[in-house]
Structure formats: C-alpha cells, structure tokens
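Here's a quick tour for anyone opening this structure for the first time. Take a look at it, then read on.

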Amino acid sequence: MLNKAGIIRITGIVQGVGFRPFVFSLAEKMGLAGEVYNDGQGVVIHAEGARVEEFVAALPMEAPELARIDALEVQAVEPMGYEAFTIAESRGEQGRFALISPDVATCPRCLEELFDSQDPRYGYPFINCTNCGPRFTIIKDIPYDRKFTTMAGFAMCKLCGDEYHDPANRRFHAQPIACWVCGPQVQLWDNRGNIFPGEQGDANPVEEAQRLLARGLILAIKGLGGYHLACDALNEDAVAALRERKIREDKPFAVMMKDISQVRDFCLVGVEEEELLLSNKRPIVLLQKKQEGRQLASQVAPGNDFLGVMLPYTPLHHLLLRDGGALVVTSGNISSEPIVYVDEEVVERLGGIADYFLVHNREIFRRVDDSVTRALQGGEYLLRRSRGYVPDPIRVKWDLGKVLACGGEQKNVFALTRGNQVFMSHHIGDLENLETLQSFEEGIQHFQRLFNTRAEAIVYDLHPEYLSTKWALEQELPKVGVQHHQAHIAGVMAEYGLEEPVIGVAFDGTGYGLDGNLWGGEFFLGDYRGLERVAHLKYLPLPGGGAAIKEPWRMGCMYLEAALGRDFRLLDLPFLQKVNLRNWDLLRQAVDKGINAPLTSSMGRLFDGVAAILGLRAKVNYEGQGAVELEQLAVRAAGKDFQKELLFDIIEDKGLWVIDYQRLICRLAEGLQAGVDRAALALEFHRQVALLIKEVAGRCRQVSGVNKVALSGGVFQNLLLLEAALELLKAEGFEVFIHRQVPTNDGGIALGQALLAKAKL
Ligand code: ZN
Ligand code: ZN
Ligand code: FE
C-alpha cells in the first residue's frame, strides 16, 4: 500500500520526450497533488492523493511515444501536504546519466500543421515538437537543453516561447522549437555558393529546388545528419550524371518517396517492410523491385533486384516531395570520404557534383548517415545502424564497466559501455583515411561527454594494420586485443545474453586470425570466456593481397587451381576466356615466392571466387558485389531441386576440422562445361554452404552436446544463404541465434568486443 503518497523514480529515455507534461496532465486528471522534476538519473515524481496506485500503474501504460522506461521504483512515504501538482525546477546534475534520444522523423501532428495553410508554421521546414525532430545530431553537450544544442543561437519568439513554457502544450520544452519568425531558414545556392534567387525572382527556395530537380539537375540537400546528393529518380540522364560525377559505377543509390503508396508502385512491400518504412527511425529499407509496371531510371540500382527506399523524415523532405515523385538521395560525399555536414565545406567538396545547394543555418553537430535495414522472418535485420537508432543503447545482461570498443576497419562503429548499456556509435565509415579517423576520434570524445563516462579500458581488433587498432595502441589506458571473428560471435551472445556455450559460425570477408592468417570461414565452440576455433575453410593464398578482393578473377583462378591443378587453364570456361593467363602466370610466380600472398580461410573470398568462375564478376566496384550478384543469380533458380550430398570434405588436422572445397569447385566447373544453367549452379553453391553449416554444427553437437548456434559475419547479409542455413539447422533441432539489434557485418563487432573485454580484463 502506498498510503496515498509515494516517490516515484523513473529512468530510461524520459528527458526531452515530453515526460514531465505527461506526468503533469495524468496527475491532474487523477486529482493528485505533488510535483515532478528531472534529476541526474531521470524523472522523479512526488504524488499524493486517493488514486496514487492507479497513477503509478498508468505511468508506463500511457507514457509518451518516444519515452522508454528502463526502471520505475516506488517508495511509499507520508503525505507532505502538497496543495496542487506542479512541474518543478530540475534538481541535481540534471541529465548527467539520462539517455539521449535519437533523431526522430516528423510526427503526424506536426505534418498536419506543416500542410495547414492556417497554421503559423505552414510550410516551415523545421517544424518539430517533443515527439519529433532533431536530437542526437544537434546536441553538443548534456544536459539536453536548448543552450547545449545547435539551436542555441536562435532566440525564441513569443509564439514559440509561450508554447515552450506551457506544460499543456505539445511543444513544452521541445528544445529545437522554432518557427518562420525565430528559427532557421533555408537558402538555395548556386554551385559557387552564391544565393540563387531562382528564375521567379525571390521564389521560395524549396519550391525553386523542386523546379530544379524536375529539370533533371543535381542538388546537394542538407538533411538531418549531413548532406544528401539528390536528383529525380525517374530521370535517366540525371541519375546517370550523378553516377558519373560521383564516380560510383554501380553501387545502388537509395531513393526517397512521398509515401507508402508511391513505394508500392515500384516495389513489393510486405507488412514488416511497411512497418520499418513508417517507423519514426525512418531507415532505408531494402525492398524487392517490381519487375513490371513503372520503373525508376535504370541507373538507380543497376543489376540489382533490390532497391533501398526511405520515406521523408524531415519537414524539408516532406515539402520537397509534396507533389509525389521519387528522389535519389545518396550520401553527400566523394567515394570513400565521410559524408559532408559542414556548410563551409559543402561547396568546395561537392561543387563538382551538385548544380545547386539547398542549405540551411541550423548547424549539424554530429554527422550521421542514414540507417539501412531489411525485414527478415518477423524481425528487423540491420545492415547499417545509424540515424534514428543511435545513441539508443543496446542493453546487455552483464555489467561491462566502462570500456571503449574500437570496432573494426570497414563500416567502423565503436562502442562505449556504461554498466549494462552499450552505446554503439553512429556509422563512422571505412577507417581508411585521416578524415574518417578524425571523425572516429571526435565521435569517441563526444560519446564520453554525452554519456558522462570515461572509458577505463580499451578493446581493439588484433589486425595490426587497422587504423582503429593503431589508435588504440597509442592510448594510455589498459587495453586488450580480441580476435575479429570471436568478436562477431560474442556480439550475438551479447544480444541474447547467452552465458552458455554456443557453436559459433563466423563467415565474412576478412579478419586477422590468431595465427596471423586472414580468417573468415570459421567455426567456434565455447562461451564468451573461451571461444575455441574448431573448424575453418582450408587456407589458400590471396594472390596480390588486397587486390584479390577487388579482382575476384584472381580468386577464381586460385580456387580452380586448388581443385584441378595447374591444368585448370585448359578448361573450356567462359570465365577463363576473359582472363589474361599471362597475368595469372606472373601472379602465380609471385604467390610461389610468397610475395604479397597471405593465406586466407575466408568464406567471403570463396563467394567471390565462385562468382568469378560462374562468369559474373572479374572485378568488383564495391566490396561484396560478386557475392551480391551470385545471390541474385541463385534466387532466379530458387525452388529447383538441389544436391543433398555434401560436396565439401571435412578433414581432421591437428585437432581442427579443415574444410576442403575441391569437389565442390570441380562440380561447378563440370556443370559449366556441361552447359548447366548458371543460376542452378549458383543456387547449388549456396545450398552447399548451408549444408556445410549444418554438418559442422552437427559434429560440434556430437562432441560437446551444445545445441545453440550463433551466426555472424558479413556473409550472412546473404539472405538466401541465411534462410537456407536457418531452415536446415532448425530441422535438426538446433536453436539458432542471429543479429537483430546490430548489423551482422563489421558494423556490429564492437558489441562483441565489449563483451569479450569483460572476460579478458
Ligand atoms: Zn512533432
Ligand atoms: Zn518562433
Ligand atoms: Fe568481419
């Protein structure tokens, strides 16, 4: 019994999301007296009156949309004799340990006002409220208060100020509140950075931008976390020009469309996909293209059956797309550089690509890329976890202390832990240049400030050449290195709180192995305290090192030679007709001498090699392109019968199972020579890899009794493989775990690193 009075302490995302006004109105409705205020941990409520218990029960049920309650503690007290209910001044170090909301897409009520010609914010590109708008991208410091955001320079007008201070208003303490009178404004610039008045004189810059896009021009548009490059996705010439200027030969572009019904014109949208598209995180969702009917420009996602689509997430996007249509929206950057987010740089860096710039004067403090996701078997399967998701922490079962996990090199994401919370960073990008490294360092400083946590130890990948590793080794903190694929598997354990041993399958492109070789086709057995490598793909030299990743024909030859000997070149394969065998001979000589030929057990390279042998890709323009096309080719054959006999051979060697692909490669070569449909061969290859997983998992279970399987690594972005493996494993009674909260690629390994650090430090 609460004796009619209680103190309620709530933690979680309860600041900056309209929680106090919600508490205030709920208390008033129930005739309670008392007060509510923010403190360093979250929200504290003193409530007294006849209906206190009912009030406590209603708090989690009716909490505002963006709120997330992690804990709610109630302490019964003697009534203090409050006369009314009030929102009181914050106490203590407000927000010191509170959570920060990710950026949130424009909410339905703000949208209504945006398009209501009677509303004072009609057509205002920065309309927002406590339920929506920028958060993480504009916060410079904590507590979350306007003066610590990039809105600090905009003094509120009377309208905004009144709403901001009125507890009954849905903009009460909405820190980025703004309007035409007092807030940020949009401008249109030409590609020298001069204000472009438009052809209609002083036209509305947004309308002028719409006209320019309709004419097929390329615009750099300032979004929430950085600049996009945009053009009309239905205009072949415009998309081709963007591709040419961005030097992005065939990596798919994402598209933004006005609403779901527009999306359905071009793509298949299931229930789960619709939910993802409409979520207030507004990720890019991978959808299957419709083969018939209206088509986007062919250059949007050439040779790809999937299209990345998102719905508008800022008022500016809604205004630009108000008349429908589809816009290509791709990161505003040049090849591998980070996305541009600073106005002073945009003309210089993107002037060679964009014809015009749609800019505004609300500064982006943190650069954040769009997130990319897809639906898979009743859940979400992320490819990139960034805007809309970050900095919401992943909650784990263990107290991980205060650790900084540096992540990997590609698709870098670092993580900072605070007890059982793991704050995964936004997508930093490939750590291959100084700009990205700088962004990594700034991100770490920022996270430590925002979450009021100083890392007490550092965990890094063992690869000596990773910039994140080199950086980690320079820091004056206790540090520990962890193996890349063990981190992949530990990431799955972290998501599900698995203490017990699992069979871990880590398939990816590359990771530095404990023996100094490049691993990537690995099986493990154990728990996070000790994860033993039990099986791997047979080692093979990577001819020319990194060049072999960009030129899968090299792997194709290497596998054919491994399977058929040096006479493979006599085979009558379309692939070999295109290979310059003299180049191969030179390369082979280098391999013999051990020049630039590290050994690899990578499953990603096997996919590349097979894609090359099947004649898909001799060279790739982006990482994993061969595997992507191999999957899509195989999907066309899906449904046909497949070989049930395992064509991989598992050979015991020094206590390890070594997986030989010789017979499988022979079978593919024979099939090609016999004129078997390439799609059927591609499908058979996928099925064989799935069968391999089942076989090795079965052997592991036999020796250990372990029945749980964790799948991780970039290769499992291949859904055809993943779904086949899930089906086979489940049919054998295995309990299978896959990533749901972080990507299966290297964007997720910082989570596993953080868990492994617990065991090692
Ligand atoms: Zn709103
Ligand atoms: Zn205003
Ligand atoms: Fe990896």
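Two strands count as paired if DSSP finds at least two bridges between them. Helices (H or I, at least four residues) and strands (E, at least two) are DSSP runs, numbered from the N terminus. You're looking at a predicted model, where local features need pLDDT of at least 70 and side-chain atom pairs count only at pLDDT 80 or more, while totals for chains, interfaces and linings use all residues. Residues are numbered from 1 along each chain as its sequence is written, chains are lettered from A and ligands numbered from 1 in the order in which they are written, and side-chain values use heavy atoms, with hydrogens and water left out.

- Five strands form an open sheet in the order 4-1-3-2-5, and the pairing is mixed.
- Strand 4 (68-76) and strand 5 (85-87) sit at the edges with a single partner strand each, so one side of each has no neighbour in the sheet.
- On average, neighbouring strands here are turned by 15° against each other, direction ignored.
- Inside the sheet, strand 2 (residues 33-38) and strand 3 (residues 42-48) pair antiparallel over six bridges, and Ala33 has Glu48 of strand 3 opposite it.
- Helix 1 (residues 19-29) lies across strands 1 (5-13), 2, 3, 4 and 5, and runs at about 170° to strand 5. For such angles, axes are lines fitted to C-alpha atoms (for helices over the stretch in contact), and values run from 0 to 180 degrees between N-to-C directions.
- Helix 2 (residues 52-62) packs on the sheet too, touching strand 1, strand 3 and strand 4, with its direction at about 165° to that of strand 4. Contact means heavy atoms within 4.5 Å.

**Around strand 21**

- All five residues of strand 21 (residues 457-461) are buried, where buried means under 20% relative accessible area, exposed over 50% and partly exposed in between (1.4 Å probe, protein chains only).
- On one hand, strand 21 pairs parallel with strand 18 (residues 403-405) over three bridges, and Leu404 has Ile458 as its bridge partner.
- Strand 21 also runs parallel to strand 22 (residues 479-482), joined by four bridges, and there Ile458 stands opposite Lys479.

**The zinc site**

- Which residues hold the zinc ion (ligand 1)? Cys107, Cys110, Cys129 and Cys132 coordinate the zinc ion through their SG atoms at 2.3 Å. Donors are N, O and S atoms within 2.8 Å of the metal (3.2 Å for Na, K and Ca), and water is not among the atoms, so sites may look incomplete.
- The angles among the four donor atoms are 104 to 117°, so the arrangement is tetrahedral. Four donors get that label if all angles lie between 85 and 135 degrees; four count as square planar and six as octahedral if opposite donors are over 155 degrees apart and all others between 65 and 115; anything else is irregular.
- Along the sequence, the zinc donors follow the spacing C-x2-C-x18-C-x2-C.
- Both Cys107 and Cys110 are buried.

**The iron site**

- The iron ion (ligand 3) is coordinated by His484 (NE2), His488 (NE2), Asp508 (OD) and Asp746 (OD) at 2.0 to 2.2 Å.
- With angles of 89 to 166° among the four donor atoms, this iron site is irregular.
- His484 belongs to helix 13 (residues 484-496) and Asp746 to the loop between strand 31 (735-737) and helix 23 (749-760), so the pair ties together parts 262 residues apart in sequence.
- His484 is buried at 0% relative accessible area, and Asp746 counts as buried at 10%.
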